[in-house]
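Please keep the sequence and the 3D view at hand while reading.

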Amino acid sequence: MIQINQLSKKYKGAEEYAVKNLNLKVEEGEIYGLLGPNGAGKTTLISMLTSLLKPTSGSFTINGLNFKEHKNQLKQLIGIVPQEYALYPTLTAFENLQYFGSMYGIKGETLRKSINEHLEIMGLSKFANKKTATFSGGMKRRVNLIAGILHQPKVLFLDEPTVGVDVQSKNVIIDHLKFLNKQGTTIVYTSHHLNEAEFFCTHVAIIDNGEIIVKGIPSELIKNQTGANNLEDVFLAQTGKALRDYA
Amino acid sequence: MYFWHKPEKPFAIMHKLWASTYKEMLLLIRDLGGIAILFIMPMLLLIVITLVQDSTFKTINDIKIPVLLVDNDKGEVSKNIIENLSESNSFEILQKSSEEEAKEAVFSGEYQLAIVIPENLSASLQKKVDQNVEGILSKFGLEEDSLTVAKVVIPQKEVRLYFDPATQVSFKSSVKNGIDKMISKIETQSIYKAFQTELGEDGAEPIFDTENFISFKEILPTKNNAEIIPNSAQHNVPAWTLFAIFFIIVPLSINLVKEKNQGTFVRLRTNPVNYATVLGGKTIVYLGVCLIQFTLMLLVGIYLFPAIGLPGVDVSGKLPMLYVVAFFSGLAAIGLGLLLGTITKTQEQSAPFGATLVVILAALGGVWVPVFVMPKFMQSISKISPMNWGLEAFYDVFLRNVGFAKILPEISLLLLFFLVTIKIAIIYNQKKNAV
């Protein structure tokens, strides 16, 4: 489904590569977790895969298509849930979703039905006509997620979809993502919640300094790492305990 | 095509354009404070400016400027000067006894002007005139005893004017010209009078006509055989309406910058919608705002101005053309606003830059100072200001009473400006976000 070849990104003025010669293959139906400390290059990688950033070198295809030649088709094929809420605060949840749904060409009753169904699933039906400015972080995250999946994408990219939300919101989000995956959606997501990733992802890749250090099925990674009881042990063993502050 | 390798179906584009327009409309109407500023402030600006400028356009001025007058002459000439100043209806004469006192009051800003008439002005003028007249008559051999009048040197007299240093140059010039003209007239009348006396004629029956022989008349454009007399409203409504229309670039550029900062623009970049469609939605809504602004300002000119004692705006038979000019001026302003919003990254950049740019364009366009009084090189620059094109088109319709063909070059330039600015914005966005 996703084939990444020697993909690199170096920001203007930066000394180091944010992503360096990265190779990765994500098969259809997988839930692929991109894990790594702050500044590891996860968001940069997702931004390149969703056409938000231009790679410095290398290439990738999604479903056999690349952005240079099939931009429109690819945009229709993928969904993105950015780390920021990316909503109009003075519009209601319904109006926000109506607008973003329309941008995918969905219209009329189909769009209305889809929005209402998703709001119902995410427990937001009674807040449909409230401005998103009044929503809690968890509610905004859920609307943010719906905006990325209204057009039923084949590949869904999520950048920290559960960051800063309560346990209940996180549970609803993860459950729905699992449901979408069962329906055939391939998911690529970044997270700092290693416990969540361990049970949610079919595959993970631990990235540090723009490179993949280790990748595979979570249970196998734990098994292969001496003294590791969970994914967090693997993560710390692979990336070290030094703080990763950056500005 | 910029964003699509396979062209989208027109119906799909229309649907996205409609959705973008509807979203922009919702964003606008949810910001009541913003709407109030967009509509009320331009009207307030128009009313204030017209009230302030109204007197300069009035032929019969009912505003009297207090003027200090120190009469050291107390003769025929000073009496004449005082009478003329009073009759002009422009000045309220306040007599002062000392020049020092008058000077202090003016230089401290208490009064704008003081006139000091020198001592013995009447007597000296009379002597000088008599001397000149006798000299002329003796040349013609009409003087009975030319040697009896000794040729004495009469020193020149000066009427002193004191202006408040804060007084504008244009006011000073018009006062100086007025007083110069008045003094010339008094001198001329004295000369005629002296001739009459020397020729032994009865002063009660003047043989010279002292009125000006050459006069002038301003010929104004006419409509239905009636003269179109320019007034402050006819000048201010188009100028300040245009100014307000162009101020739309501030909220519009902020709108775009907000999209970038709140993350919605990032989402839109991942959606299958081109930037032109996003800008199209904003253009439609803000063009509507411009036309509503224009309508409100016209209503102020037509109905409110006469109610508060200002001259009303005559739009009879001109409305369609006025809306055409407003439409294209709005487009030019929106193009500039969208370009600014595309290039700038923060509100701190877009708001002050946009506001200052509008003021510069207004100055260049001739909103404050007419283009013909600008230095030559500024006149050339003025020709590339979209506000100048808009203003000229408005004046063509409002004051010159011309047909559609005459405004075609100006509205074509405004449309071209819109297309060029939008194209630059799209290319910039494409280059910036190319993948």
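## Two chains and their contact

In chain A of this predicted model, residues 24 or more positions apart account for 69% of the contacts with a separation of 6 or more. For chain B, the corresponding share of contacts between residues 24 or more positions apart is 79%. The table sets this value beside two others for each chain.

The overall form of chain A can be described in two ways. Along its principal axes, the C-alpha trace of chain A spans about 50 × 40 × 35 Å. A compact globule of 247 residues would have a radius of gyration near 18 Å, and because chain A has 18 Å, the value agrees with that expectation.

Within chain A, six strands form an open sheet in the order β5-β6-β7-β3-β8-β9, and the pairing in this sheet is mixed. The edges of the sheet are taken by β5 (78-81) and β9 (211-216) of chain A, each of which has a single partner strand, so one side of each is left without a neighbour in the sheet. From one strand to the next, the twist averages 15 degrees.

At one end of that order, strand β8 (residues 203-208) of chain A runs antiparallel to β9(A), and five bridges join the two. Within this pair, A:I207 stands opposite A:I212 in β9(A). Helix α5 (residues 137-149) of chain A packs on the sheet, where it touches β5 and β6 (155-159) of chain A, and the direction of α5 makes about 165 degrees with that of β5(A).

The last part of the picture is the contact between the chains. How many residues of chain A are in contact with chain B? There are 29 residues of chain A in contact with 24 residues of chain B. On the side of chain A that touches chain B, the helices α2 (67-77) and α3 (93-103) of chain A each supply at least two residues, and α2(A) gives the most, with seven residues. By residue type, this side of chain A divides into 14 nonpolar, eight polar and seven charged residues.

Conventions
Residues numbered from 1 in each chain as written. Chains lettered and ligands numbered in written order. Predicted model: local features only at pLDDT ≥ 70, side-chain atom pairs only at ≥ 80, totals over all residues. Rg over C-alpha atoms; globule rule 2.2 N^0.38 Å. Contact = placed C-beta atoms within 7 Å. Pairing = 2+ DSSP bridges. Helix = DSSP H or I, 4+ residues; strand = E, 2+ residues; numbered from the N terminus. Axes fitted to C-alpha atoms, helices over the stretch in contact; angles between N-to-C directions. Nonpolar A, V, L, I, M, F, W, Y, C, P; charged D, E, K, R; others polar.
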